[in-house]
Amino acid sequence: MNKLNILTFPDPRLRKKASPITVFDENLKNFAEDMLFTMYESNGIGLAATQVDFHKRLIVIDVSDEQNDPYFLVNPTFKVLDDTIEHFKEGCLSVPSFFEDIYRPKKIELTFQDLEGKQHVEIAEGVLSVCVQHEIDHLEGKLMVDYLSPLKRDRIKSKLQRKKDDSPKN
Ligand code: NI
């Protein structure tokens, strides 16, 4: 398995809109496994293909404590079932070391395909609902910082840019 490079805000490639997946082959499975490996290695609970510069609608998620319950979501969509807004301290592997309160609808119905192309419908609440909405945002080129005030977003941007300038070049 390969550890993939994760793009960091404000990389413009994080703004690309992902296109649907139509081919369900071994390449897709291998790439999804690499994404899962990358997510676990980075201690994340979700990763969208956009974040590793692959602009197709693929997400991996694992919200279990033991990291042994992965979800592979292909072409995921959701509809809001309970529009009560809840807030949650969200983090993002593309916005490393920042955790911010983000407000999202509480309960969703999630429709997705698995890596074989079979369709599934599931109800998601709590951290799974938050994570799914966060990752589907990535596929649209949207980031959690977009929910913050411009001032806060700019502050995060300059901190991350400074960090990047300080890091060793190779
Ligand atoms: Ni993220």
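This is a predicted model: local features need pLDDT of at least 70, side-chain atom pairs count only at pLDDT 80 or more; totals for chains, interfaces and linings use all residues.

Biologist: Why does Asp 65 count as exposed?

Modeller: As for Asp 65, its relative accessibility is 74%, and exposed means over 50%, so the label follows. Asp 65 is found in the loop between β2 and β3. Its C-alpha atom is separated by 24 Å from that of Asp 137, 72 residues apart along the chain.

Biologist: And what makes Ile 59 buried?

Modeller: The relative accessible area of Ile 59 is 0%, and the cut-off for buried is under 20%, so Ile 59 is buried. Ile 59 has its place in strand β2.

Biologist: Let's turn to the metal. Which residues coordinate the nickel ion?

Modeller: Cys 92 through SG, plus His 134 and His 138 through NE2 in each case, at 2.1 to 2.3 Å. The limit for a donor here is 2.8 Å, so these atoms qualify. Water is not among the atoms, so the site may look incomplete.

Biologist: How are the donor residues of the nickel ion spaced in sequence?

Modeller: The pattern is C-x41-H-x3-H. Cys 92 sits in the loop between β3 (71-90) and β4 (100-113), while His 134 belongs to helix α2 (residues 126-139). Those two are 42 residues apart, and the pair links distant parts of the chain.

Biologist: Are Cys 92 and His 134 buried or exposed?

Modeller: Cys 92 has a relative accessible area of 9% and His 134 comes in at 6%. Buried means under 20%, so Cys 92 is buried, and His 134 counts as buried too.

Biologist: Why is the pair of Phe 31 and Phe 54 called tilted?

Modeller: The ring centres of Phe 31 and Phe 54 are 4.5 Å apart, and the limit for a pair is within 6.5 Å. Their planes stand at 45°; under 30 degrees would be stacked and over 60 edge-to-face, so this pair is tilted. Phe 31 lies in helix α1 (residues 26-41) and Phe 54 in the loop between β1 (46-48) and β2 (58-61), so the pair ties together parts 23 residues apart in sequence.

Biologist: What makes Phe 54 partly exposed?

Modeller: Its relative accessible area is 28%. Buried needs under 20% and exposed needs over 50%, so Phe 54 is partly exposed.

Biologist: On to the sheet. What is the order of its strands?

Modeller: This open sheet of 5 strands runs β1-β2-β3-β4-β5, with antiparallel pairing. Neighbouring strands are turned by 35° against each other on average, direction ignored.

Biologist: Why are β1 and β5 the edge strands?

Modeller: Each of β1 and β5 (119-124) pairs on one side only.

Biologist: How do you know that β3 and β4 pair?

Modeller: Two strands pair if there are at least two bridges between them, and β3 and β4 have 12, in the antiparallel sense. Val 74 stands opposite Gln 113 in β4. Using that test again, β4 and β5 have 6 bridges, with Phe 112 opposite His 120 in β5. For β2 and β3 the count is 4, and Val 60 has Phe 72 of β3 as its bridge partner.

Biologist: What does Gly 117 do in the hairpin of β4 and β5?

Modeller: Gly 117 takes a positive phi near 95°, in a hairpin with 5 residues between the strands.

Biologist: Which strands does α2 lie across?

Modeller: β1, β2, β3, β4 and β5, running at about 85° to β4.

Methods. Residues are numbered from 1 along each chain as its sequence is written. Side-chain values use heavy atoms; hydrogens and water are left out. Rings of Phe, Tyr and Trp (its six-membered ring) pair if their centres lie within 6.5 Å; planes under 30 degrees apart count as stacked, over 60 as edge-to-face and the rest as tilted. Buried means under 20% relative accessible area, exposed over 50%, partly exposed in between (1.4 Å probe, protein chains only). Donors are N, O and S atoms within 2.8 Å of the metal (3.2 Å for Na, K and Ca); water is not among the atoms, so sites may look incomplete. Axes are lines fitted to C-alpha atoms, for helices over the stretch in contact, and angles run from 0 to 180 degrees between N-to-C directions. Contact means heavy atoms within 4.5 Å.
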